[in-house]
Amino acid sequence: MASSERYFLLWLLLFLPSVTTSNASSRGIRVELEHADTRGDFTGTERIRRAAERSHRRVNGLLHTGISSTATLKGDGIEGTATVHASTATYLVDLAIGTPPLPITVVLDTGSDLIWTQCDAPCRKCFPQPAPLYAPARSATYANVSCHSTLCDALRVDPISRCSAPERGCPYYFSYGDGTSTDGVLATETLTFESGAAVHGVAFGCGTENHGSTDNSSGVVGMGRGPLSLVSQLRVTRFSYCFTPFNDKTASPLFLGPSAAALSTAAKSTPFAPNPSGGGRTSSYYYLNLEGITVGDTLLPIDPAVFRVSPMGGGGFIIDSGTTFTALEERAFLVLARAVAARVGLPLASGAHLGLSLCFAAPEGRTEAVDLPRLVFHFDGADMAFHRESYVVEDRSGGVACLGMVSMRGMSVLGSLQQQSMHVLYDLEGGVLSFEPAKCGEL
């Protein structure tokens, strides 16, 4: 950890309010994530297409997001587990907000920090959501954050922000690359997990003017590296998740705290790469050092610099919960696609109806007969070998099998499809990502 980061964390501990927890076991919190598409009557082809659309929207959002405010506070360390499910955008988690607790569904996002939900305070502009709007006036634990509090000072990226002398509240505005945005005030509130663990004094955005959609949810829970995220506010030093297979209706577990450390000695580990200097949205991302890709037994001729952060702060390789299909920088994707096509040796087929670009016509329509070569990502100190179901997408009705990855300009993202059936641990204190194959539904 850089000295500047240490000084920043020390400042958080000294000057920002604390978060407290109740009803949390010594093992922490477990949350369950459910893939939202399991709630709809979608065919296999429709699920693939929706996943591809999610991925394209998501990578555009990662490249073109804007924030005018962020916040930070500290909290007492806890551990726990939660269940996550995916919507047309990403994985979702069920929580409750306020006192008495109001159940809401929110997007779990490792690529951002802000926690926010739509608020009836009143709501000037709110998009449709599956649950009733949260009304601050009906909660006994809602509290506005003062414009001139240390918390609001930490929220602002722009020193002048929109916080002015007559303003009593702490306004924020956050926008995403797909056009979704939220505008409101920063406040604190109690969040309650499905396990019954209640977290008090959590800073969140009470959004009263919201545009776009968060896909069958009420808002977002940021899990990024910045100080406003849920893990930072709770001072959780580690968290982990294990995504069940794409077509499995079993919920996926998310663990917060010490219980997230339950990986075996066979687990592989790679250090997080430094975030670009200058702050901004990229300070939330979890960067990794991808050094190469092997197809079959051949290390591809890809310059590792393709996956590194540029001197201007662009590019890089991140791991993300909200991108379904891994997105590779286009120069790397072209090399990978050509190598895979050469080894498969079958006629190419259109994957336009699926949103995927490298597909093969299955012999006699039998997609399981399409033999894609072994695929391995080489990270700094750790190799991630993918099982067939983690990178081969089959459209049995159309008789095609596709590479479950997409091309993008500017950066690369390890998506959730490639992380399925893998227990992934974020050791925030140690600055290390660990992973190993797992039966996620049994954790």
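1. In this predicted model, His 378 has Asp 383 of strand E24 as its bridge partner. The strands concerned, E23 and E24, run antiparallel and are joined by four bridges. They belong to an open sheet of four strands in the order E18-E17-E23-E24, with antiparallel pairing. Its edge strands are E18 (298–299) and E24 (382–385), each of which pairs on one side only.

2. Helix H5 packs on this sheet, where it touches E17, E18 and E23, and its direction makes about 15° with that of E17. The helix covers residues 330–344, and its 15 residues reach 21 Å from the first C-alpha to the last, close to the 21 Å expected at 1.5 Å a residue.

3. Strand E17 pairs with E23 in the antiparallel sense over five bridges, and Val 295 stands opposite Leu 375 in E23. Two bridges join E17 to E18, again with the strands running antiparallel, and here Thr 294 stands opposite Leu 299 in E18. The hairpin of E17 and E18 has two residues between the strands, and in it Gly 296 takes a positive phi near 65°.

4. Which residues of H5 are buried? They are Ala 332, Phe 333, Leu 336, Ala 337, Ala 339, Val 340 and Val 344. Viewed down the axis of H5, these buried residues fall within an arc of 165°, so they line one face of the helix. An α-helix has 3.6 residues a turn, so residues three or four places apart point the same way. On the other side of H5, Arg 331, Arg 338 and Ala 342 are exposed.

5. The cover over the buried residues of H5 includes strands E17 (290–295) and E23 (375–379), and also E20 (326–329), E22 (359–361), E26 (400–403) and E27 (405–408). The two ends of the helix can be inspected separately. At the start of H5, a side-chain oxygen of Glu 329 reaches to within 2.9 Å of the backbone nitrogen of Arg 331, while after the helix comes Gly 345, whose phi is positive, near 70°.

6. Most residues other than glycine have a negative phi, and most peptide bonds are trans. Against that background, two residues deserve a look for their phi values. Glu 364, although not a glycine, has a positive phi of about 55°, and its place is in the loop between E22 and E23. Ser 421, also a residue other than glycine, has a positive phi near 55° and sits in the loop between strand E28 (412–414) and strand E29 (422–427). Are these residues buried or exposed? Glu 364 is exposed, with a relative accessible area of 76%, whereas Ser 421 is buried, with a relative accessible area of 16%.

7. The bond from Thr 99 to Pro 100 is cis, with omega near 5°, and Pro 100 lies in the loop between strand E5 (91–97) and strand E6 (102–109). The bond from Ala 121 to Pro 122 is likewise cis, with omega near -10°, and Pro 122 is found in the loop between strand E7 (116–118) and strand E8 (143–144).

Technical notes
Residues numbered from 1 in each chain as written. Predicted model: local features only at pLDDT ≥ 70, side-chain atom pairs only at ≥ 80, totals over all residues. Heavy atoms only, no water. Expected span 1.5 Å × (residues − 1). Buried < 20%, exposed > 50% of the residue type's maximum accessible area, 1.4 Å probe, protein only. Arc of directions from axis to C-beta. Contact = heavy atoms within 4.5 Å. Polar contact = N/O pair within 3.5 Å; in protein donor to acceptor, adjacent residues only side chain to side chain. Pairing = 2+ DSSP bridges. Axes fitted to C-alpha atoms, helices over the stretch in contact; angles between N-to-C directions.
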